[in-house]
Amino acid sequence: MDEKDLVALNAMVLGYVQHGLAEEGFILVEQMQKLDIKPDVVTWNTLISGFAQACDEVMVSKLFELMLMNGVEPDAFSWTSVISGLVQNVQIEKALDTFKQMLQHGLYPSSATISSLLSACATMANVRLGRKVHGYAVVIGVEEDIYVRSALVDMYAKCGFISEARVVFYKMPEKNTATWNSMIFAYANHGYCNEAIELFNQMEKAEENKLDHLSFTAVLTACSHAGRIALGHSLLLLMQEKYKIVPRLEHYACMVDLLGRAGKLSEAYGMIKTMPVKPDLFVWGALLGACRNHGDIYLAEIASRHLAELEPQNNGNNMLLSNVYADTQNWENVAKFKKLMKRKKLRRFSGCSWVEAA
């Protein structure tokens, strides 16, 4: 077998997986085996990663078996790919079980494994488990890894432990974009808006070339919570003119929320009408929420109508409009809405929280 053939095979398999075509990649491997081109550990791991991200547990198990049948032992990357895929698909318990299986097979986790586990802890807001993983990272010597440190900042922040996140953040000799963004989001989402804005300014000075769309989403969130309208507008312009970042829906949602909280509903609606992209649930939802806070029935009806088109079975939006009517003592429309919701059997999507105390 020519080594170049194997390199070409791995490159093609990776291409399929990166485009969400793991099945086509697997078919290619089967065809190449018939031509006596045997896949190596890189080939199998790439396929495992693809099927894990697609949450195809049957194929992942099959690939592990095929690896062994072809004389290739699954390594730490193989198991980490499965763990990462499960975490991305919010199958946290399965991810943790897979980690236990990995240890039972005598394999030591890598920094990538630890980062994935910390992401799982952040998703569950389980700081107790997160601290255990943090301790394990120290024991095996990967705590200093930049990706592990970034994951630690994100985990502590999402669990509400801002002081711990801050300690890890400022101890880092080197920071990447994800680390900066996680800390800015942490400050913004927990009411430390001035700190979030100041940290964004520090990031711009230190990492000018590393700002991305999430950096601006984070700081615009802080501006929204702090009522910094002028700063929000200037940041939106800075993002486009200096950094050539095209505003996304989340940026417009932040701006609509910012203007709405300040009572500038007409300006918020004007921004929505001039958006170059179609407004989504979050944009119209931000306007509807602001309309309730400020009692604007006219714009509330417009926002509710668009939300009904995007989410026809969600009763929550209708409930919010009904509350706007109630707040303005428009009892006739409140009664009409209740009858309408009952007749159409609309349902409200329930919220839930998965938080474990420390």
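Reader: Which helices each supply at least two residues of the lining of the largest pocket?

Author: They are helix 1 (3–18), helix 3 (41–53), helix 5 (76–88), helix 7 (111–124), helix 9 and helix 11 (177–189). A helix here is a DSSP run of H or I with at least four residues, numbered from the N terminus. The model is predicted, so local features need pLDDT of at least 70 and side-chain atom pairs pLDDT 80 or more, while totals for chains, interfaces and linings use all residues. Residues are numbered from 1 along each chain as its sequence is written, and side-chain values use heavy atoms, without hydrogens and water.

Reader: What makes a space a pocket, and what volume does the largest pocket have?

Author: A pocket is an open set of points on a 1 Å grid over the protein atoms alone, with protein on both sides within 12 Å along at least five of seven lines; a lining residue has an atom within 4 Å of a point. The largest pocket has a volume of about 460 Å³, volume being the space filled by probe spheres set on the points. Its lining has 24 residues, and Ser 84, Ala 112, Ser 115, Ser 116 and Ser 119 are the closest to its centre.

Reader: How do the residues of that lining divide by class?

Author: Seven are nonpolar, 15 polar and two charged. Ala, Val, Leu, Ile, Met, Phe, Trp, Tyr, Cys and Pro count as nonpolar, Asp, Glu, Lys and Arg as charged, and the others, Gly among them, as polar.

Reader: What volume does the second largest pocket have, and which element gives the largest share of its lining?

Author: Its volume is about 310 Å³. Of its 14 lining residues, Glu 57, Val 60, Ser 61, Val 82 and Thr 98 are the closest to the centre. Helix 3, helix 4 (57–69), helix 5 and helix 6 (92–104) give two or more residues each, and helix 4 has the largest share, four residues. By class, the lining has eight nonpolar, three polar and three charged residues.

Reader: Why is helix 5 called roughly parallel to helix 7?

Author: The axes of helix 5 and helix 7 come within 9 Å and cross at roughly 20°. That angle makes the two helices roughly parallel, since the term covers angles under 35 degrees, and roughly antiparallel those over 145. Axes are lines fitted to C-alpha atoms over the stretch in contact, and angles run from 0 to 180 degrees between N-to-C directions.

Reader: Which residues of helix 5 and helix 7 meet?

Author: Thr 80, Ile 83, Ser 84 and Val 87 in helix 5 meet Ala 112, Thr 113, Ser 116, Leu 117, Ser 119 and Ala 120 in helix 7, where contact means heavy atoms within 4.5 Å. The contact of helix 5 with helix 7 has five nonpolar, five polar and no charged residues.

Reader: How do you know that helix 8 and helix 9 are roughly antiparallel?

Author: Helix 8 (residues 127–140) and helix 9 (residues 146–158) pack at about 160°, with axes 11 Å apart, and are therefore roughly antiparallel. Val 127, Gly 130, Arg 131, His 134 and Ala 137 in helix 8 meet Val 148, Leu 152, Met 155 and Tyr 156 in helix 9. This contact has six nonpolar, two polar and one charged residues.

Reader: What makes helix 13 and helix 14 roughly antiparallel?

Author: Helix 13 (residues 213–226) and helix 14 (residues 229–241) pack at about 170°, with axes 9 Å apart, and are therefore roughly antiparallel. Phe 216, Val 219, Leu 220 and Cys 223 in helix 13 meet Leu 231, Gly 232, Leu 235, Leu 236, Leu 238 and Met 239 in helix 14. Nine of these residues are nonpolar, one is polar and none is charged.

Key. Parallel < 35°, antiparallel > 145°, perpendicular 65-115°, else oblique. 1 Å grid on protein atoms, 1.4 Å probe; cavity = no way out; pocket = protein on both sides within 12 Å on 5 of 7 lines; lining within 4 Å.
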